[in-house]
Amino acid sequence: MKKLTTFLVLGAGCLFLASCDNEESASKEPTVTYRKMTDAISVVLRSDRTAYTKNIVARLKKEGVMPSEHWKDEKQKTLLPAQMFRAGQEIAMSRDPGFFYQLKSIWPINPKNLPNEFEKAGFEKVAESGGAENFYGQEEIDGQKYFVAIYPDVAVSPACVDCHNEHKDSPRKDFKMDEVMGGIVIRVPME
Amino acid sequence: MSQYRLWIIWIIGSIYVSGLLSYWMFFSEDKTQFLPGDTSYAHYQIELKCSACHEEWGEVKQNACMDCHEQQMENIHDSHPKTKFNTPSTKKMLKKVDATRCVSCHQEHKPESTDHGNVSQPSDFCWHCHDNIAEERPSHEGVTFDSCSTAGCHNYHDNRALYEDFVAKHLDEPNLKEAPVVEAKEVYKKIVKIIQAPLFPGDVAVTEELMREWHDSAHAAAGIDCLQCHRTSEKDSTWVKKPNYQVCMECHEQEGQDFQMGHHGMRLAHELSPMTPGMSRSGLEFKRDAKHKELTCVSCHSSHEYDVQKAAVEACLKCHNDSHSKKFSQSKHNHLWLKEKGGTGLVNSGVSCATCHMPRVLKDVRGEEKIVVEHNQSANLRPHDIMVRQVCMDCHGYEFSLKSLADEALIQRNFIGQPEVDLETFDWVRERNK
């Protein structure tokens, strides 16, 4: 009996030490803040779209292939940069990456891309800063708390401005270059 | 009777019933006893092949719908793909109707709650997400939500012929276009050789008529002799009297696959006996003597003649006996068809049953894009506007076509007369595009 008790105590001790070691090694992993994570994601998202616009769309235009809202339905057409963004989002979301993102605007062509009340306040702050500042906050949806970051989406080419100003469903038709047209909303579920 | 005896009877009875149910469940093809209710017009042909949609113990397979319909959804540019509802902000919408699951709207075995188009949601279901549509589109003020998809304006999945820019692009087209013809189909391969004498074993009886039919066919021209189809396999030349559809698919793979996606051939895809008009629950009328005719490749193409003109009209009318089919002979479409067949009409100007129901479409065939005949005759039937864009608009103006297919009485008359249905869509689009 004595031997058994000694064995159990030693075993429990070993387990305790092992668990301490695991916790210690886990704590050595560098941690990334929500803000740092969303900042990094936003850089990648915007860079990919810029690369598509500058390298692919520009090249295709020279070949006679124009970007069009109805690119799937018309010959010799390719995706608008915003649709490229959306297409990537659909693939990313189908792989359950642990965060969500969307392109939204206070003046969207598709009303389904309007921000919700919480996001709207963020969009207004971003617009007030002229696109110089991002917005960060926390929002609860259906009992799940999210870290929400909004990054300004600025008109970088005349094509963006012209398309929105001329589209019959656009609620705003006086966009100018370098103006904030919308934003990228990134939402990370908080532990 | 003693309690002991009752127990014996009870146990024997239970074993008998369990055995019977197990036999039906695992060994018998007839699983009618387990059907919880009739399936919809889309799936009744395969309702006894439970494994097509269900796991062994009953639950619906994870990918049951998309296993068959994924490519279709891709082709039609689905307006409401699952990926549209992939953010936390759409959760609220999904609580009303879970649009990420096909069965939220398309329940099976519930005929009492399944409406036209196999939809098991109330007809005003669009309201759940588009309740503020009148704010976005003032023209929609006062329009009832049960008319979204019934007034020829919107479909939930396929809007290729209905989106506003498409409508605007095709406004004010003439009812009949200049030089109306449909697309020419492309052949797969060039003729490889001409053979004069087919090969077949000496003990096989071959009539002169059969020989003539084969000799005049594209098969003879392409060097396909008797054994190519009647052999057991590439390595075994044992004569097979009646080769099945899989032999045709050795060369006509695309056509065979398409055929198996449609109402005519879907039973074959699930290893069931071929469909017959007698099995139909479509509500269509069929000729009395056609009730037991089996639908495989040779039902329409015949065994040796392969006359595609016969397959395009006569084959259909061997079975179909509804008003639309019966009126075909008096229609302008048939008049054009006879002119083309007689050599006095333009090539591809004739309109047969197949012109509309098995149209010529662009497909990727073995890595090459070709215009081929769509052998899934159900693919453009519902909603009607799929056919409008795919076929009617080759010859007719958009507005005339859409109105014609919205006029059920005109369809029944096989388009003898003019459409008498008005669609407000055109006025609204004109107004917005002034």
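**Exercise 1. Find how many salt bridges cross the interface of domain 1 of chain B and domain 2 of chain B, and look at one salt bridge of chain B in detail.**

Keep in mind that this is a predicted model.

Step 1. Start with the count: the rule finds three salt bridges across the interface of domain 1 and domain 2 of chain B.

Step 2. Check a pair against the cut-off, a Lys or Arg side-chain nitrogen within 4 Å of an Asp or Glu carboxyl oxygen. B:Arg281 and B:Glu47 form a salt bridge, with 2.4 Å between their closest N and O atoms.

Step 3. Domain 1 of chain B covers 39-159, while domain 2 is made of 160-188 + 268-434.

Step 4. On the side of domain 1 that touches domain 2, the residues are eight nonpolar, eleven polar and four charged.

**Exercise 2. Describe the extent of the contact between domain 1 and domain 2 of chain B.**

Step 1. Count the residues: 23 from domain 1 of chain B are in contact with 22 from domain 2 of chain B.

Step 2. Turn to area. About 2,000 Å² is buried between these two domains, and carbon and sulfur atoms give 55% of that.

Step 3. Of the area that domain 1 of chain B buries against domain 2 of chain B, 27% is supplied by B:Tyr44, B:Lys49 and B:Asn159, more than any other three residues.

Step 4. Finish with the spacing: the C-alpha centres of the two domains of chain B, domain 1 and domain 2, are 25 Å apart.

**Exercise 3. Now characterise the contact between chain B and chain A.**

Step 1. Chain B brings 23 residues to the contact and chain A brings 21 residues.

Step 2. The buried area between the chains is about 1,900 Å², with 45% from carbon and sulfur atoms. B:His77, B:Asn86 and B:Pro88 supply 28% of what chain B buries against chain A, more than any other three residues.

Step 3. Five salt bridges are counted between chain B and chain A. A:Asp73 and B:Arg389 meet through their side chains in a salt bridge at 2.6 Å, N to O.

Methods: Residues numbered from 1 in each chain as written. Chains lettered and ligands numbered in written order. Predicted model: local features only at pLDDT ≥ 70, side-chain atom pairs only at ≥ 80, totals over all residues. Heavy atoms only, no water. Domains from an automatic or database assignment. Contact = heavy atoms within 4.5 Å. Buried area = accessible area lost by both parts, 1.4 Å probe. Nonpolar A, V, L, I, M, F, W, Y, C, P; charged D, E, K, R; others polar.
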